[in-house]
Amino acid sequence: MTLPDNHPLVDGRTADAPLIRAYRGERQATPPVWFMRQAGRSLPEYRELRVGHAMLDACLTPELSSEITLQPVRRHGVDAAIFFSDIVIPIKLAGVDVEIVPGRGPVLANPIRSVADVAALRPLDPAALAPIIEGVARTVAELGSTPLIGFAGAPFTLASYLVEGGPSKDQLRARTMMYSEPHAWATLLNWCADVSGAFLEAQVLAGASAVQLFDSWVGSLSEQQYVRRVAPHSKRALSHLRGYDVPKVHFGVGSGEVLAAMRDIGADAMGVDWRIPLDEANRRLGGTVPLQGNLDPALLGAPAHILEAHVNDVIDRGRVAPAHVLNLGHGVPPETDPDVLTRIVEQVHAG
């Protein structure tokens with residue numbers, strides 16, 4: 001499998017973009033910068049556009065998903081766009097009854113609690129991905145030389161939502177199922193891997209120049225649990241991209257204890273959350289991969305001089321890695337002043 005001839009990495013639009021070169025391990029004079037959740041609730045233009053549109057409907061309406069993806073690129077001048085979607089979109093497209101409840105997050109009508117529930121899950125019909133493909137294609141046509149990052153949730157995070165029925169602080173039900181029903185667990189995570197993998201592949205073939213696999217809940221796992229019960233399935237998700245020469249970034253929240261194991265599933269670059277400094281993350285990874293991160297989102301609300309010093313410190317610590325992409329250690333909080341993000345981009349690009 002290879003990328004189409006009109007793909008931005010093939011026809012030259014994004015092949016030399018600072019972000020792509022950094023992900024491939026080539027240090028840039030100043031780190032490329034983008035922000036997780038850079039599109040969305042922190043932007044007034046997003047809130048205006050969302051009036052009358054439910055979250056998941058916006059994700060599945062190509063005109064809206066494309067426009068929302070483009071908004072932070074126009075406003076902040078970031079070095080990449082990330083496709084506006086939601087971690088649960090692939091499972092919704094596969095027929096799972098899930099909705100976003102304001103103030104809570106994704107909630108499932110019928111959580112997966114038994115072997116029979118797992119057996120009832122149906123494969124993702126490729127035709128269901130049509131609105132994703134169109135949304136990505138629309139976006140890429142507007143971005144020019146700015147790369148689009150595709151994304152998907154890692155199998156453990158998807159499985160956690162499916163088993164818990166919604167967000168959970170500790171994923172107790174999911175981790176119990178991991179041990180009490182190991183065969184059903186493996187079947188469930190393989191299903192999650194395949195819907196995530198298909199979701200990633202659709203974005204890549206439609207023009208995404210890089211991808212990021214998010215494991216939002218991986219911090220609830222021990223290293224042994226991750227290596228034995230989760231990592232093979234995350235590797236399976238990324239295996240859907242085998243043959244496509246597209247950089248793959250892996251990011252997890254609370255992932256300091258499993259960074260090396262997360263890299264080993266096939267990641268080209270590692271996202272690091274705010275809990276450990278980049279120089280320590282690089283040490284744990286043996287200096288083997290480019291790093292992405294890891295500004296503390298809490299400091300977006302701090303006085304300007306404190307945030308500026310924090311940005312400089314993260315950049316300094318990132319210098320020990322093969323290459324560095326500046327980002328947050330998690331997503332942009334909804335209450336963030338968007339001008340703060342613009343100033344960070346200006347500060348980084350000024351060197």
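Ground rule for my element names: helices (H or I, at least four residues) and strands (E, at least two) are DSSP runs, numbered from the N terminus. I am working from a predicted model, where local features need pLDDT of at least 70, side-chain atom pairs count only at pLDDT 80 or more, and totals for chains, interfaces and linings use all residues. Residues are numbered from 1 along each chain as its sequence is written, and side-chain values use heavy atoms, with hydrogens and water left out.

**Entry 1**

I began with phi. Most residues other than glycine have a negative phi, and most peptide bonds are trans. Glutamine 171 has a positive phi, near 55°, and I found this residue in the loop between α9 and α10 (172-180). Is glutamine 171 buried or exposed? Glutamine 171 is buried, because its relative accessible area is 1% (buried means under 20%, exposed over 50%, partly exposed in between, with a 1.4 Å probe and protein chains only).

Arginine 37 also has a positive phi, near 60°. Arginine 37 sits in the loop between α2 (18-23) and α3 (44-50), and its 48% relative accessibility makes it partly exposed.

I then checked peptide bonds and noted a cis one from glycine 293 to asparagine 294, with omega near -15°. Asparagine 294 belongs to strand β8 (residues 291-295).

**Entry 1: aromatic rings**

My pairing rule: rings of Phe, Tyr and Trp (its six-membered ring) pair if their centres lie within 6.5 Å; planes under 30 degrees apart are stacked, over 60 edge-to-face, and the rest tilted. By this rule I count six aromatic pairs. Phenylalanine 151 and phenylalanine 214 are edge-to-face, because their planes stand at 85°, with ring centres 5.4 Å apart. This pair joins distant parts of the chain, 63 residues apart: phenylalanine 151 is in strand β4 (residues 148-153) and phenylalanine 214 in strand β5 (residues 210-215).

Phenylalanine 214 also pairs edge-to-face with phenylalanine 251, at 6.1 Å centre to centre and 80° between the planes. Here the link runs from β5 to strand β6 (residues 248-252), 37 residues apart. I looked up burial too: phenylalanine 214 is buried at 13% relative accessible area, and phenylalanine 251 is buried at 1%. Ring pairs link Phe151, Phe199, Phe214 and Phe251 into a cluster.

**Entry 2: a helix crossing**

Two packed helices are described by the angle between their axes and the distance between the axes. The axes of helix α9 (residues 155-164) and helix α11 (residues 182-205) come within 8 Å and cross at roughly 115° (axes are lines fitted to C-alpha atoms, for helices over the stretch in contact, with angles from 0 to 180 degrees between N-to-C directions). Which residues in α9 meet α11? Among them are Pro155, Phe156 and Leu158, and the α11 side includes Trp185, Leu188 and Trp191 (contact means heavy atoms within 4.5 Å).

I finished with alanine 231 in helix α12 (residues 223-239). Alanine 231 is buried, with a relative accessible area of 12%. Not counting residues up to four places away in sequence, alanine 231 touches Tyr226 and Ile265.
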